[in-house]
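Keep the 3D view open while you read.

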Amino acid sequence: ILSTIVASIGLARALEVNASISGIYTAFGAIWLVATVCVLVGAAGIEPANAAARNVRNTADNPVVALRALANNPTAKRFFVYLLLVLIGIRAQDVLLEPYAADTLGLPVSATTRLEAIWGIGVFITLLGGLGLVYRFGKRANANIGAVVAIVAFALIIISGAIQHVTFFYASVFLLGLGSGLMTVSNLSFMLDMTAPQNVGLYIGAWGVANFVAQSLGTIGGALLRDIAYRLTGNVALGYMVVFALEIIGLIIALLLFRTISVEVFRRDAQLDVADVLTLAGD
């Protein structure tokens, strides 16, 4: 999140100096170079260099067995769908906020680039403070509050575009960051509870899959739905607003689904189902 904030501010300042096509290529090329160096430095030395380590074979169980264990647990399936809805709901805007600001508010590229920093600061604040709120009020309550804040933020983003109010739009993006950060820290804490002691890796892996699938679906689906809405209506602003409205609907459905998820029921069913599936796999 910090790197997102720094990169966004740096890009905005660079594009204020030179917002030409060559300036954009130069600025984003610099970000790519820094990111590549960080990846290479971070990855260096992770894999052991000794020959014995290269001969270690993967002993993971058949993935079909893992999927059957998840499929047999109704609470696990509901939580998987909940994570998809929540993450799609807060990530579908990733590729839309900047062009939305440009198309509806007429902001230049140097200004739209700052949106990621505004959003990131909001996320960073609630990531830091959210843990204390989780301990004080509980994971479920904070996840629900974060979703409600995000719903309100999306509604305000739609309104700010309709009334052409730039300051109102910036405040709405910041509010969206606050809601996203609070949901993130609350749902990550809740994910750690939604595991069975003997199969922690299985369930954390499943929730990780939900995370990455949702981010992919949100990014691709959000852009696709915007284009479809624009084609059908001929109104560029309305195309974005339709996607933001759908994100609101998705978050509302996630809130209703979250009420049906119980950690205690999940763990009870997980212990029974995992044992049954592994027995069948052995037979």
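## A partly exposed pair

Let's start with Asp 94, which counts as partly exposed because its relative accessibility is 23% (buried means under 20% relative accessible area, exposed over 50%, and partly exposed in between, with a 1.4 Å probe and protein chains only). Its side chain meets that of Arg 91 in a salt bridge, 3.0 Å from N to O. A salt bridge here is a side-chain nitrogen of Lys or Arg within 4 Å of a carboxyl oxygen of Asp or Glu. Arg 91 has a relative accessibility of 22%, so this residue is partly exposed too.

## What you're looking at

This is a predicted model, where local features need pLDDT of at least 70, side-chain atom pairs count only at pLDDT 80 or more, and totals for chains, interfaces and linings use all residues. Residues are numbered from 1 along each chain as its sequence is written, and side-chain values use heavy atoms, with hydrogens and water left out.

How confident is the predictor? The mean pLDDT of the protein chain is 82, and 86% of its residues reach 70 or more (pLDDT is the predictor's confidence in each residue, from 0 to 100). Residues 275-283 are another story: pLDDT stays under 50 there, and the model has seven contacts for them beyond four places in sequence. A contact means heavy atoms within 4.5 Å. Where pLDDT is low, the predicted coordinates should not be read in detail.

## The overall build

You'll find 13 helices and zero strands in the protein chain. Helices (H or I, at least four residues) and strands (E, at least two) are DSSP runs, numbered from the N terminus. Of the 283 residues in the protein chain, 38% are buried.

Take the contacts between residues at least 6 apart in sequence: 82% of them join residues at least 24 apart. The accessible surface of the protein chain is about 15100 Å², and carbon and sulfur atoms account for 69% of that; areas come from the Shrake-Rupley method with a 1.4 Å probe, and for residues only the protein chains shown count as cover.

The structure holds four salt bridges. One of them joins the side chains of Arg 226 and Asp 103, at 3.9 Å from N to O. That pair links distant parts of the chain, with Arg 226 in helix α11 (residues 200-233) and Asp 103 in helix α6 (residues 97-105), 123 residues apart. Arg 226 is buried because its relative accessible area is 14%, whereas Asp 103, at 40%, is partly exposed. Together with Asp 227, Asp 103 and Arg 226 form a network of salt bridges.

After α11 comes Gly 234, with a positive phi near 75 degrees.

## Where α9 meets α10

Asp 193 and Lys 139 also pair up through their side chains, in a salt bridge of 2.6 Å from N to O. Asp 193 lies in helix α10 and Lys 139 in helix α9 (residues 139-163), so the pair ties together parts that are 54 residues apart in sequence. Asp 193 is partly exposed at 22% relative accessible area, and Lys 139 is partly exposed at 25%.

Ser 189 sits in helix α10 (residues 166-193) and is buried, with 13% relative accessibility. Leaving aside neighbours within four places in sequence, Ser 189 is in contact with Val 134 and Lys 139. The Ser 189 side chain also reaches the backbone oxygen of Val 185 at 2.9 Å.

Ile 151 is in helix α9 and is buried at 14% relative accessibility. Its C-alpha atom is 9.2 Å from that of Phe 244, 93 residues apart along the chain.

Helix α12 (residues 236-258) has 23 residues and reaches 34 Å from its first C-alpha to its last, close to the expected 33 Å.

Key
Polar contact = N/O pair within 3.5 Å; in protein donor to acceptor, adjacent residues only side chain to side chain. Expected span 1.5 Å × (residues − 1).
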